[in-house]
Each structure stands twice: as structure tokens, then as C-alpha cells.
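Trainee: I have a structure to go through with you. Please take it one topic at a time.

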Amino acid sequence: TNLKSKLNKYIHKMDKDDLRCPKCCKKYNNEDRQPKIIPICGHTICLNCISEGLDEIGDSDVYICPIDQKEFKLKEKSINRFPNNITLAKFIPKKKAKDNKS
């Protein structure tokens, strides 16, 4: 639990504006740039980058992690094969509702 405590302290010190996808360098959000985990290696990249990667592999059933080049064999070519990184998602600022006043 000492490691868990250190990790929690580190996460709380993180600047929420620095939470970016390592592939496209854009900020994660709760829409098209949700943080998704690549199961074979545990790296996290955004939903948009994974979708682009799935498009790029065409008829292949192998997704290659853009971070470490590990191959992930897909049972089905679906974004659902990549779980959400719910820990990281907790630190993404919620989109503010637009003011509807006229």
C-alpha cells in the first residue's frame, strides 16, 4: 500500500492540462479523445487514435501499439476490444455546459 499511496500523491499533483495522448499529443476528453487501454501492453492512447489505427490495418486482425510496437491480435475489429482507462478518465475535466441565456 505504500506504493499505492505514492501513486495517489503523484496523480493528484498532475496538471490536468497535461493529460494528453502520447500518439497525437492532444488532450484527452470524455468524447472523441477518451483514454483507451491497449490490452497487450497497457499503454493508453485516445479513442480517436485507436479508431484511426483500426482503419489503417484494413483487413488485418492485428493492431500494433504505436508506443512500443507490440502486436495485439483482435478477435473482432472493434473499438470495444480496448477498455476505457477509468483511472485516467477521473482526472479529465468535465466539459462545461454552455450558458443558454439570451
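Trainee: To begin with Lys73, is it buried or exposed?
Mentor: Lys73 counts as exposed, at 55% relative accessibility. With a 1.4 Å probe and protein chains only, buried means under 20% relative accessible area, exposed over 50%, and partly exposed in between. This is a predicted model, in which local features need pLDDT of at least 70 and side-chain atom pairs count only at pLDDT 80 or more, while totals for chains, interfaces and linings use all residues. Residues are numbered from 1 along each chain as its sequence is written, and side-chain values use heavy atoms, leaving out hydrogens and water.

Trainee: Which residue forms a salt bridge with Lys73?
Mentor: The partner of Lys73 is Asp61, and their closest N and O atoms are 2.4 Å apart. A salt bridge here is a side-chain nitrogen of Lys or Arg within 4 Å of a carboxyl oxygen of Asp or Glu. Side chains of opposite charge can pair when their charged atoms come close.

Trainee: Where in the chain do the two residues sit?
Mentor: Lys73 is in strand β4 and Asp61 in the loop between α2 and β3, 12 residues apart, so the pair links distant parts of the chain. Asp61 counts as partly exposed, with 32% relative accessibility.

Trainee: And how many salt bridges are there by this rule?
Mentor: The count comes to one.

Trainee: Let us step back. What is the overall pattern of elements?
Mentor: Along the sequence the protein reads α-β-β-α-β-β-α, with three helices and four strands. These are DSSP runs numbered from the N terminus, helices being H or I of at least four residues and strands E of at least two. Of the 102 residues, 26% are buried.

Trainee: Which residues of α2 are buried?
Mentor: They are Leu47, Cys49, Ile50, Gly53 and Leu54. These residues lie on the same side of α2 because they cover an arc of only 165° around the axis, the arc being that of the directions from the helix axis to the C-beta atoms. On the other side of α2, Asp55 and Glu56 are exposed.

Trainee: What do the buried residues of α2 pack against?
Mentor: They pack against β1, β2 and β3, where contact means heavy atoms within 4.5 Å.

Trainee: Now the largest nonpolar core. Which members touch the most others?
Mentor: Tyr63 and Phe82 do, among 18 residues in that core. A nonpolar core is a set of buried Ala, Val, Leu, Ile, Met, Phe, Trp, Tyr and Cys residues joined through side-chain atoms within 4.5 Å. The elements giving two or more residues to this core are β2 (44-46) and α2 (47-56), and α2 provides the largest share, three residues.

Trainee: What does Phe82 touch?
Mentor: Leaving aside residues up to four places away in sequence, Phe82 touches Lys36, Ile37, Ile38, Pro39, Ile50, Leu54, Tyr63, Phe72 and Leu74.

Trainee: One last topic, the backbone. Which residue just after α2 takes a positive phi?
Mentor: That is Gly58, at about 60°. Cys25 also has a positive phi, of about 65°, although it is not a glycine; Cys25 lies in the loop between α1 (2-13) and β1 (35-37).

Trainee: And what is phi of Gln69?
Mentor: Phi of Gln69 is near 65°, again a positive value in a residue other than glycine. Gln69 is in the loop between β3 (62-64) and β4 (71-73), and its relative accessible area of 51% means that Gln69 is exposed.
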